[in-house]
Amino acid sequence: MKKRSIKNILLFFGVFVVLASTTGYFLWNKPHTNILATEAIEISAITLYNTFITDSIKAKKTYVNKVLSVTGIVKSVSVNQQNQQIILLKTSEPDASVNCTMETNAIGIKIGGEVLIKGLCIGYINGETDMGLPGDVFLVRCYYST
Amino acid sequence: MIKKIIYLAIFFLFIKSSCFCQEYFTKNGRISFFSKATLENISADNNQVISLLNTKNSTLRFYLLVNAFHFPKAMMEQHFNSDYMESDKYPSSSFKGIVTGINNFDVEKDGSYSVSVNGTLEIHGVTKNITTTGTIIIKNGKLSATCVFKIILKDYNIEIPSIVINNISKQIEITVACQYEKRS
């Protein structure tokens with residue numbers, strides 16, 4: 001009887017350890033949010049930028065760390081030091097943009113053309129007022145569609 | 001009279017352009033960090049850094065959003081934002097400083113220059129004075145800057161949860177790498 005109960009305790013403990021480590025392993029290695037599979041908030045680049053400028057509290061609450069589908073006119077296309085494509089979308093302020101870092105480089109993007117970009121909004125960085133440089137609204141891990 | 005106006009206009013245009021050409025900026029600069037840990041090394045990249053460099057008055061500035069640091073693992077990113085950096089409460093970090101040795105070089109001439117940087121670094125709502133060294137490289141009229149320095153987490157009130165305190169390094173190495181554009 002005593003032997004059986006020790007056996008049961010050991011079995012229970014063993015199962016618990018296996019379950020805990022498996023859960024821990026999967027939690028630790030869980031993948032990042034799948035941008036393409038996540039439902040997005042649809043907005044234009046101009047409205048997104050204007051909301052951050054005029055009502056930053058509302059903008060942060062509504063858009064930061066959310067997946068957005070942003071429509072806008074392409075201002076420029078370049079690459080960063082990691083060879084990731086950077087697409088800037090026009091806003092109401094000539095020196096400010098919705099700054100999109102692409103997850104996969106888009107082909108055939110034309111400056112002046114209208115695009116739809118889906119990505120994760122990380123927020124707005126105030127520019128440098130002393131030097132007259134306005135900030136950008138940033139989207140990361142972006143995907144392009146026409 | 002018309003000639004005078006034209007000369008005056010050219011003069012002002014020259015003044016404007018000569019002022020702006022000493023300002024360099026990027027809105028996609030790169031700052032990454034590395035920390036040695038017992039179980040798994042921790043590293044993350046932020047490629048959404050705004051930086052401005054004025055070679056005339058030697059000012060250098062950096063601005064970034066903390067939640068833009070991207071980790072190889074989602075769970076690392078989550079812990080970094082919620083447990084360590086409290087990015088909801090302290091969403092941004094900045095550096096405002098002066099570069100020493102910058103007015104000795106010609107921005108039109110290719111070369112690599114060692115500089116010293118001194119200024120205030122704000123992380124996690126705490127502002128500290130730091131001094132470090134860096135390199136400014138000019139190649140084909142393009143200017144880039146690199147710098148590596150270390151910070152102690154405790155200096156910025158970043159607490160390591162007691163459960164992992166022995167597994168995580170108390171200081172992290174920060175690498176800055178920016179390619180600047182001339183302001184037109």
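Predicted model: local features only at pLDDT ≥ 70, side-chain atom pairs only at ≥ 80, totals over all residues.
Which residue is the bridge partner of Met102(A) in S6(A)?

**View 1. Strand S6(A) and its parallel neighbour, S4(A).** Here is the reply to the opening question: Met102(A) has Cys142(A) as its bridge partner in S6(A). The two strands, S4(A) and S6(A), are joined by four bridges and pair in the parallel sense. Strand S4 of chain A covers residues 97-102, while strand S6 of chain A covers 137-145.

**View 2. Strand S6(A) and its antiparallel neighbour, S5(A).** Seven bridges link S5(A) with S6(A), and this pairing is antiparallel. To find your place, look for Gly123(A), which stands opposite Phe138(A) in S6(A). S6(A) is largely enclosed by the rest of the structure, because seven of its nine residues are buried. Strands of a sheet pair through backbone hydrogen bonds, in either a parallel or an antiparallel way.

**View 3. Where chain A touches chain B.** On this view, 26 residues of chain A are in contact with 21 residues of chain B. Four elements of chain A each give two or more residues to its side of the contact: helix H1 (2-28), strand S4 (97-102), strand S5 (114-124) and strand S6 (137-145). By residue type, the side of chain A that touches chain B has ten nonpolar, 13 polar and three charged residues.

**View 4. The closed barrel of chain B.** Follow the strands around in the order S1-S2-S3-S4-S5-S6-S7-S8, and you have traced a closed barrel of eight strands with antiparallel pairing. On average, neighbouring strands of this sheet are turned by 25° against each other, direction ignored.

**View 5. Strands S5 and S6 of chain B, side by side.** Strand S5 (residues 111-123) and strand S6 (residues 126-139) of chain B run antiparallel, and 13 bridges join them. A handy landmark is Thr120(B), which stands opposite Asn129(B) in S6(B).

**View 6. Phe62(B) and its surroundings.** Phe62(B) sits in strand S3 of chain B, which spans residues 59-65. Is Phe62(B) buried or exposed? It counts as buried, because it has 22 C-beta neighbours inside 10 Å, and 20 or more are needed for that label. Setting aside its neighbours within four places in sequence, Phe62(B) is in contact with Val49(B), Ser51(B), Ser94(B) and Phe95(B).

Technical notes: Residues numbered from 1 in each chain as written. Chains lettered and ligands numbered in written order. Contact = placed C-beta atoms within 7 Å. Nonpolar A, V, L, I, M, F, W, Y, C, P; charged D, E, K, R; others polar. Buried ≥ 20, exposed ≤ 12 C-beta atoms within 10 Å, placed from the backbone. Pairing = 2+ DSSP bridges. Axes fitted to C-alpha atoms, helices over the stretch in contact; angles between N-to-C directions.
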